[in-house]
Amino acid sequence: MSHTSPSAEPAPHPQLAGSWSDWIGDHTTALIGIPLRIALIVVILLVLRAVAKRAITRVVQRVLEPSAGEVESSRPRRPSRGAAVLHRDRSRARQRREQRARTIGSVLSSAVTIVLFMVGVAMVLDQVGIALGPLLASAGVVGLAIGFGAQSLVADYLSGLLIMVEDQYGVGDLVDLGEAVGEVEHVGLRLTHVRDLNGGLWHIRNGEILRVRNDSQEWARAVLDVAVSHDANLDTVYRVLEDTGRALREEPDFADVLLEDPAVWGVQSLDADGMLVRLAVKTVPLQQWGVTRELRRRVKEALDDAGVEIPFPRRAVWVRTDSTDSTDSTDSTDSTGGDAEALTR
């Protein structure tokens, strides 16, 4: 009688076990090394981004610090005025500086983030084994197409960035941008908003701004042209203008507005009706028009008191009259015609 032994489990195939161990050994670098390298790349990029943002924050804080002109303007003015510094309303100057700093900081931070992100993606794809050549070529073609299609947009952003970096103008400044003349209410990377004298709000693309006249930086000048007759004594006119300007600067309301004594520049032009004498004075920004109006009023009163005549238009009219004999005996006059001159004013 035969006994059958219980069936034993089949032993694992030695070839299969060897293939798994060989596969794991061959792909150890792919399973462990590549993820570690990718993680290292991400960590390094995050550290670089944090360092860059910290540096940008320091730059922004440095820009936000009060300028030397504002610090000096907050101190009591000495009796003898020195050179003119930047005189602005401190609240508007602070607002302008904060806008510049935050906008530049935001742009720099975004630019750093985009550059680091693109570098990280390229390095990760290289670790995965994806060829970067075709991707870079495709990206170059797409970027070229976008660049041609959005030239004006790129020009607007670049111009806006340069306007802020160079501090050409800011919020609260009175500027002349060509057709738009008024007060700046907002400065962005793409658009500048200007409120004109009539209350209209102009939206101007920064790429279209070719030249700027800023009446709010450093100092301004009030220029007054005074018309006097040809018979006026110029020495008397000069003395009256200088005394009037000096008296204006000694007024408490204008002591901090005028940065120097008004100066008479002399005869500006000789016209048919009279001559123009120019009076000029350096003022703080945005105050030149008020100073000019006040000078005009005071100069008019001073010239009247000094007896200096302000010219008015004159015309010379030549009239030729001819008289003939009349048949009326009572009213008849025998006279020959002659030339008569009449000068009317």
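Does Asp243 count as buried, exposed or partly exposed, and at what relative accessibility? At 38% relative accessibility, Asp243 counts as partly exposed, where buried means under 20% relative accessible area, exposed over 50%, and partly exposed in between (1.4 Å probe, protein chains only).This is a predicted model, in which local features need pLDDT of at least 70 and side-chain atom pairs count only at pLDDT 80 or more, while totals for chains, interfaces and linings use all residues. Residues are numbered from 1 along each chain as its sequence is written, and side-chain values use heavy atoms, with hydrogens and water left out.

View 1. Eight helices and 10 strands make up the chain; helices (H or I, at least four residues) and strands (E, at least two) are DSSP runs, numbered from the N terminus. Of its 345 residues, 27% count as buried. The chain exposes about 23,300 Å², with carbon and sulfur atoms supplying 57% of that area; accessible areas come from the Shrake-Rupley method with a 1.4 Å probe, and for residues only the protein chains shown count as cover. Take the contacts (heavy atoms within 4.5 Å) between residues at least 6 apart in sequence: 63% of them join residues at least 24 apart.

View 2. A salt bridge here is a side-chain nitrogen of Lys or Arg within 4 Å of a carboxyl oxygen of Asp or Glu. Because they sit three residues apart in α7 (residues 234-249), Asp243 and Arg246 are separated by about one helical turn. Arg246 also counts as partly exposed, at 38% relative accessibility.

**View 3. Three strands form an open sheet.** Follow the order β6-β8-β7, with antiparallel pairing; two strands pair if DSSP finds at least two bridges between them. β6 (220-228) and β7 (263-270) are the edge strands, each pairing on one side only. From one strand to the next, the twist averages 25°. In general, strands of a sheet pair through backbone hydrogen bonds, either parallel or antiparallel.

**View 4. Strand β8 meets its two partners.** Nine bridges pair β6 with β8 in the antiparallel sense. Look for Asp225, whose bridge partner in β8 is Arg278, and for Val223, which stands opposite Ala280 of β8. β7 and β8 run antiparallel and are joined by six bridges, and Ala263 has Ala280 as its bridge partner in β8. Four residues lie between β7 and β8 in the hairpin that they form. Eight of the nine residues of β8 are buried, so this strand is largely enclosed by the rest of the structure. Helix α8 lies across β6 and β8 and runs at about 25° to β6; axes are lines fitted to C-alpha atoms, for helices over the stretch in contact, and angles run from 0 to 180 degrees between N-to-C directions.

View 5. The structure holds 13 salt bridges. In one of them, the side chains of Asp176 and Arg211 meet at 3.9 Å, N to O. This pair links distant parts of the chain, with Asp176 in strand β1 and Arg211 in the loop between β4 (201-205) and β5 (213-214), 35 residues apart. Asp176 is buried, with a relative accessible area of 14%, whereas Arg211 is partly exposed at 47%. Asp215 and Arg213 also meet through their side chains, at 3.2 Å, N to O. Asp215 is buried, with a relative accessible area of 15%, and Arg213 counts as partly exposed at 45% relative accessibility.

View 6. Glu251, Glu294, Arg297, Arg298 and Glu301 are linked by salt bridges.

**View 7. A nonpolar patch lies on the surface.** Ile114, Phe117, Met118 and Val121 form the patch, with about 420 Å² of accessible area together. Patches are made of residues with over 30% relative accessible area and no salt bridge, with like charges joined within 9 Å and nonpolar side chains (Val, Leu, Ile, Met, Phe, Trp, Tyr) within 5 Å. Met118 is found in helix α4 (residues 90-128) and is exposed, with a relative accessible area of 54%.

View 8. Most residues other than glycine have a negative phi. Phi of Asp167 is near 55°, and this residue lies in the loop between α6 (151-166) and β1 (174-176). Asp167 is partly exposed, with a relative accessible area of 26%. Phi of Leu286 is near 70°. You can find Leu286 in the loop between β8 (275-283) and α8 (288-306), partly exposed at a relative accessible area of 30%.
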